[in-house]
Amino acid sequence: FSGMRYASQALLLFMTVLLSSSCMQMTGNFAFKGFFDDTYKKIEGTPEFPSDEEVRWVFAFSKKQAEREIGVVYLKREAIWVEILTATSRIDLANSIVYGTLKGLEPGKYQIVLTDVRNDNREIARKDFVIYAREDDDDR
């Protein structure tokens with residue numbers, strides 16, 4: 001019976017490791033690309049973008065993920081954080097990047113929040129950014 005007990009303990013250990021790895025934290029990085037940029041750039045801190053420019057962003061997951069639905073929530077800081085737009089994106093083993101675009105936003109402080117839809121919308125990542133109005137060049 002000791003051989004059976006060893007096999008059942010090994011199976012239990014294998015299942016625990018398998019389940020633990022499937023529930024690992026999903027991590028990654030945001031990067032942004034302005035109209036005149038050739039590539040996406042990772043920006044530390046809080047990036048600032050002009051309100052009259054379209055900015056593309058990506059979130060690249062650190063590790064390949066099984067198929068998941070990712071919630072994308074845009075928040076604007078008013079007296080409190082106000083949800084202004086929600087969307088979903090699907091990732092899988094072949095595509096582990098979420099894409100988005102910032103355009104038509106009024107000046108202010110914003111956040112992009114990514115959530116794991118199938119896991120009670122658990123937060124995956126959050127990135128603050130600022131949209132500002134350009135000053136007119138007529139003042140020269």
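Predicted model: local features only at pLDDT ≥ 70, side-chain atom pairs only at ≥ 80, totals over all residues.

Visitor: How are the rings of phenylalanine 59 and phenylalanine 61 arranged, stacked or edge-to-face?

Guide: Their planes sit at 80° with the centres 4.9 Å apart, so the pair is edge-to-face. The cut-off for that label is an angle over 60 degrees.

Visitor: Are those two buried or exposed?

Guide: Phenylalanine 59 is buried, with a relative accessible area of 1%. Phenylalanine 61 counts as buried too, at 6%.

Visitor: How many aromatic pairs are there?

Guide: The count is eight aromatic pairs. One of them joins phenylalanine 32 and phenylalanine 49, and that pair is tilted, with 5.2 Å from centre to centre and 45° between the planes. Phenylalanine 32 belongs to strand β1 (residues 28–33) and phenylalanine 49 to strand β2, so the pair ties together parts that are 17 residues apart in sequence. Both phenylalanine 32 and phenylalanine 49 are buried.

Visitor: OK, switching to the sheet. What's the strand order?

Guide: The order is β2-β8-β7-β4-β5, which makes five strands in an open sheet with mixed pairing. At the edges you have β2 (48–50) and β5 (81–91), each of them pairing on one side only. From one strand to the next, the twist averages 25°.

Visitor: Remind me, what holds strands of a sheet together in general?

Guide: Backbone hydrogen bonds, with the strands running either parallel or antiparallel.

Visitor: And in which sense do β4 and β7 pair here?

Guide: Antiparallel: strand β4 (residues 68–77) and strand β7 (residues 108–116) are paired over seven bridges. If you want a spot to look at, tyrosine 74 stands opposite isoleucine 112 in β7.

Visitor: What does the side chain of arginine 68 contact?

Guide: Arginine 68 is in strand β4, and its side chain makes a polar contact of 2.9 Å with the side chain of aspartate 116. That pair is also a salt bridge, with the closest N and O atoms 2.9 Å apart. It links distant parts of the chain, since aspartate 116 is in strand β7 and arginine 68 in strand β4, 48 residues apart.

Visitor: Is that pair buried or exposed?

Guide: Aspartate 116 is buried, with a relative accessible area of 0%. Arginine 68 has 19% relative accessibility, and because buried means under 20%, arginine 68 counts as buried as well.

Visitor: How many salt bridges does the whole thing have?

Guide: The count comes to twelve. Among them is the one between arginine 56 and glutamate 54, whose closest N and O atoms are 3.3 Å apart. Here arginine 56 is partly exposed at 40% relative accessibility, and glutamate 54 is partly exposed at 31%.

Technical notes: Residues numbered from 1 in each chain as written. Heavy atoms only, no water. Pairing = 2+ DSSP bridges. Helix = DSSP H or I, 4+ residues; strand = E, 2+ residues; numbered from the N terminus. Axes fitted to C-alpha atoms, helices over the stretch in contact; angles between N-to-C directions. Polar contact = N/O pair within 3.5 Å; in protein donor to acceptor, adjacent residues only side chain to side chain. Salt bridge = Lys/Arg side-chain N within 4 Å of Asp/Glu carboxyl O. Buried < 20%, exposed > 50% of the residue type's maximum accessible area, 1.4 Å probe, protein only. Phe/Tyr/Trp six-rings, centres within 6.5 Å; stacked < 30°, edge-to-face > 60°.
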